[in-house]
Amino acid sequence: MNRKNRVPLIIIGILFALAMLVVIPVDKGVLGQKGLRLGLDLQGGIHLVYEADLSQVEPGEESGIIDGVIDVLTNRINPLGVTEPVIQKLGENRIAVQLPGLNMTDKEKERLSRTAILEFGELAADEEEAKWENELGRWKPAAADIDGTEVVLSSAFFRENTYVAQDELGRIQLVFQWNKEGSELSQIITTRLLNKRLGIFEGDDTLRSGEDGGPIAPVVSNVITDSGVITGLSIDEAMTLSKQLNAGRIPVPLIPVYEQKVSPILGADFVDMSLKAGIIGLILVMVFMMIYYRLPGALASAALLFYAASVLAIFKLIPVTLTLAGIGGFILSIGMAVDANVLIFERMKEELRLGRPLASAIETGFSRAWPAIRDSNITTFIVCGILYWLGSSIIASAPVMGFATTLAIGVAVSMFSAVVVTRTFLRTFAGTRLAQKSSLFRVYSGKEHD
């Protein structure tokens with residue numbers, strides 16, 4: 001082995017070893033400590049799509065509003081403990097939320113998209129217009145005049161994050177503090193409503209007690225200025241409401257337009273089937289290559305192992321969320337990696353038939369095969385780009401985008417594997433005594449066809 005081949009061979013060996021350390025064990029890896037991320041169809045979970053009502057938004061501000069909604073949704077989902085949620089924009093006014101492994105109730109899903117702002121109300125007189133109505137009566141927003149403007153008391157004036165605590169009797173309390181304007185409003189309103197009820201509403205709904213389901217409308221016994229508490233909620237209700245308030249207010253109404261729940265049992269079956277299909281397919285391809293191309297086929301098979309380890313390592317490190325379609329893209333790229341080797345070996349075969357020495361046939365074969373490999377891979381990259389772009393604008397986007405992503409990564413690595421790794425292996429063996437044994441290159445000798 002000459003020095004020219006030794007350096008790239010060592011680099012390939014190091015890259016392969018690093019890739020294997022990332023890939024094994026599958027659930028975390030010695031390096032990177034990351035497991036393969038599975039998509040909804042493999043792990044199970046929920047796929048939701050919300051449509052934002054942008055009818056009241058000023059033209060030109062739509063994109064910023066949607067970005068703000070995504071941030072709020074992210075803040076609300078993170079405390080739920082979801083592993084790797086996917087929240088992304090779809091088109092101009094839709095947002096896709098993918099929650100792998102999470103089993104949410106209808107109420108939790110509805111709460112996720114709520115605007116989450118508390119408004120305080122007072123009982124309306126018979127002649128007054130009411131905004132809410134419940135078993136305690138008709139309610140209008142509790143408002144006061146500030147600098148000549150009537151302002152409604154709401155959670156928009158909370159100064160800091162709310163939190164949940166217990167009073168001396170063990171009752172659950174949602175504790176909040178007013179900012180300067182809220183404090184002034186609260187003082188005016190609670191002074192006016194002393195010994196009267198102050199209703200609390202969440203959007204269009206009455207905030208209700210977690211114990212008896214009755215409206216939460218405490219009687220004001222003191223003037224409230226700096227801070228206050230809301231009692232009557234269950235611990236779960238109080239915790240959820242506190243998280244939603246702290247996560248921020250969604251600036252526009254969100255309308256659920258699509259929901260898909262995927263069974264994890266179905267996904268587990270397909271994971272097992274896909275794994276077996278991938279291993280069997282890879283073994284069959286390697287056996288075919290070694291039978292048909294002998295030593296070059298064995299070297300191409302070694303390059304395929306490098307390819308498979310590298311792709312899986314990249315999937316873990318980026319990380320790539322694997323769906324069934326994504327696994328399909330990966331397996332398809334294996335075929336393209338073999339196809340590149342076949343193109344190279346066939347060109348080498350032609351050069352050997354013309355009587356060129358093996359070393360010269362290797363170089364010429366690679367040079368002649370390269371334009372076809374390059375052009376076919378570039379067209380595949382273009383198709384992957386189109387698929388990814390189209391996938392980002394449709395509701396069921398994950399399979400399409402996953403297929404495009406894994407196929408693009410697989411094709412990129414396969415091109416490196418075929419052109420660099422296989423070439424280095426052939427160059428290395430061309431300088432050894434094995435290269436003198438024509439039986440190892442029987443296909444290339446062309447004796448059957450001469």
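Which residue takes a positive phi in the hairpin of E10 and E11? The residue is Gly170, with phi near 85°, in a hairpin that has 5 residues between its strands. Strands E10 (residues 163-166) and E11 (residues 172-177) run antiparallel and are joined by 4 bridges; Ala165 has Gln173 of E11 as its bridge partner. Helices (H or I, at least four residues) and strands (E, at least two) are DSSP runs, numbered from the N terminus.

The model is predicted, so local features need pLDDT of at least 70 and side-chain atom pairs count only at pLDDT 80 or more, while totals for chains, interfaces and linings use all residues. Residues are numbered from 1 along each chain as its sequence is written, and side-chain values use heavy atoms, with hydrogens and water left out.

An open sheet brings together 5 strands in the order E6-E7-E5-E12-E13, with antiparallel pairing (two strands pair if DSSP finds at least two bridges between them). Strands E6 (132-134) and E13 (205-206) stand at the edges with a single partner strand each, so one side of each lacks a neighbour in the sheet. E12 (residues 199-202) is joined to E13 by 2 bridges, and Glu202 is partnered with Asp205 of E13.
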